[in-house]
Every structure is written in C-alpha cells, then in structure tokens.
Amino acid sequence: MESLTEFLSANQKNDIFTIGKYIEAHIAVNWETLIQKHNDKLLRAFTKAGDMAYGAYLNFLFRSIHMQLKQVGLYPNPRFPGDFSISREWGNREETNQQRWMWSTIKSIEGDSLGTIVTITFHDHNQFRILQKPGIIALAQTDKDAVLDALSQFSTDFKNAREFKIEYEEYLQSQN
C-alpha cells in the first residue's frame, strides 16, 4: 500500500475527505491481518479487561496512521480512535452486535483543524470478536456540537445513544 504522502500527492489534495479515504484503504488492507497477528494477546486482554481489548486492537490498527500523519505535519486530537468518554455505543440486547462511534479532529502542526475522522467499531461484549471492518466517516465539522449534529443526522441510533460518561454515571447511581 502506498504511503499517506504518496496518496495525498497523487490525489493533489490534503483535505479531510482524502485523508479519510486513505484511512479506509489502510483499514481494508490491515484489519483482519492484525486480528490474526495479535489474536492471542487480544483474547488474553479480553479475558482480563473486557472491552479494553478493542482499544488495544485499535492501537495496533492506527499505529502506522499516526506515524504517517506526523510525516505530513498532521496529528489527530485526541489520538485515534478518539475520546472514549464522549463516544456513543448501541447494539442488540444480547450485546453480541455493538457499534461504538469515536472521533478525532485532524490538526496541522500549526494548530489548524482540517476536519474530523469518526471511527466505527463493530464488536461483541461476550467474546473478543470484531464483526466487520471498522468504518470511517470523514466530516468537515470540528466543533463537538457540530460533529454531534452531523452524526445525529447520519444515524438515528447515534442520535438516540448517550455519551459513555453519562451512561456510566447513570450506571453508578443505579448501584447505590
């Protein structure tokens, strides 16, 4: 697969949608291979820490993307796949078919925002299983409220889901 530098040069664009296409291509090539390569580690991580194993997987998946963005003077804020505390998740009652949406703003070294990359992880809470290739949505919006509005228009499920930190606070209150 060509590098991000080559991809941007060939497309003659350095915008969020071109970056999103590159990340999608990277995921298409690597998502299953990384599961196979790190399967034992990921299964152990799931046994010990549950869903944190998906975070470990995403770290493997985005490692080279982070390095390549740095080479072209860009970085995600926060690091991919995004801020877990404001992410949203939903799925079936058995929790075997879940989606978690997280996002990061892509910034230049000078601090200018290019847009937002949303990562969608399809997963299972009962066993380590990634149901399909992680999805990517590129958005021109960078402000949190604008991102939430755009994603709410994109998906009713997203609109109806609560941020993780709110969901977790409600869970803790229900335990008292």
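## Surface and charge

In this predicted model, the accessible surface of the chain amounts to about 9,900 Å², and 47% of that surface belongs to carbon and sulfur atoms. Of the 176 residues in the chain, 42% count as buried.

The chain carries 19 positive and 22 negative side chains, and the centres of these two sets lie 5 Å apart.

## Fold and dimensions

The secondary structure of the chain consists of seven helices and five strands, which follow one another along the sequence in the pattern α-α-α-α-β-β-β-β-β-α-α-α. With a radius of gyration of 17 Å, close to the 16 Å that the globule rule gives for 176 residues, the chain is therefore as compact as a globular protein of that length.

Among the contacts in the chain with a separation of 6 or more, 56% are accounted for by residues 24 or more positions apart.

## Serine 155

Serine 155 is found in the loop between α5, which covers residues 144-154, and α6, which covers residues 156-160. Its relative accessible area is 11%, and because buried means under 20%, serine 155 counts as buried.

The side chain of serine 155 reaches the backbone nitrogen of phenylalanine 158 at 3.0 Å. When residues up to four places away in sequence are not counted, serine 155 touches Trp90 and Trp101.

Terms used. Residues numbered from 1 in each chain as written. Predicted model: local features only at pLDDT ≥ 70, side-chain atom pairs only at ≥ 80, totals over all residues. Heavy atoms only, no water. Helix = DSSP H or I, 4+ residues; strand = E, 2+ residues; numbered from the N terminus. Rg over C-alpha atoms; globule rule 2.2 N^0.38 Å. Buried < 20%, exposed > 50% of the residue type's maximum accessible area, 1.4 Å probe, protein only. Contact = heavy atoms within 4.5 Å. Areas by Shrake-Rupley, 256 points an atom, 1.4 Å probe, with all protein chains shown as cover. Lys, Arg positive; Asp, Glu negative; His and termini not counted. Charge placed at Lys NZ, Arg CZ, Asp CG, Glu CD. Polar contact = N/O pair within 3.5 Å; in protein donor to acceptor, adjacent residues only side chain to side chain.
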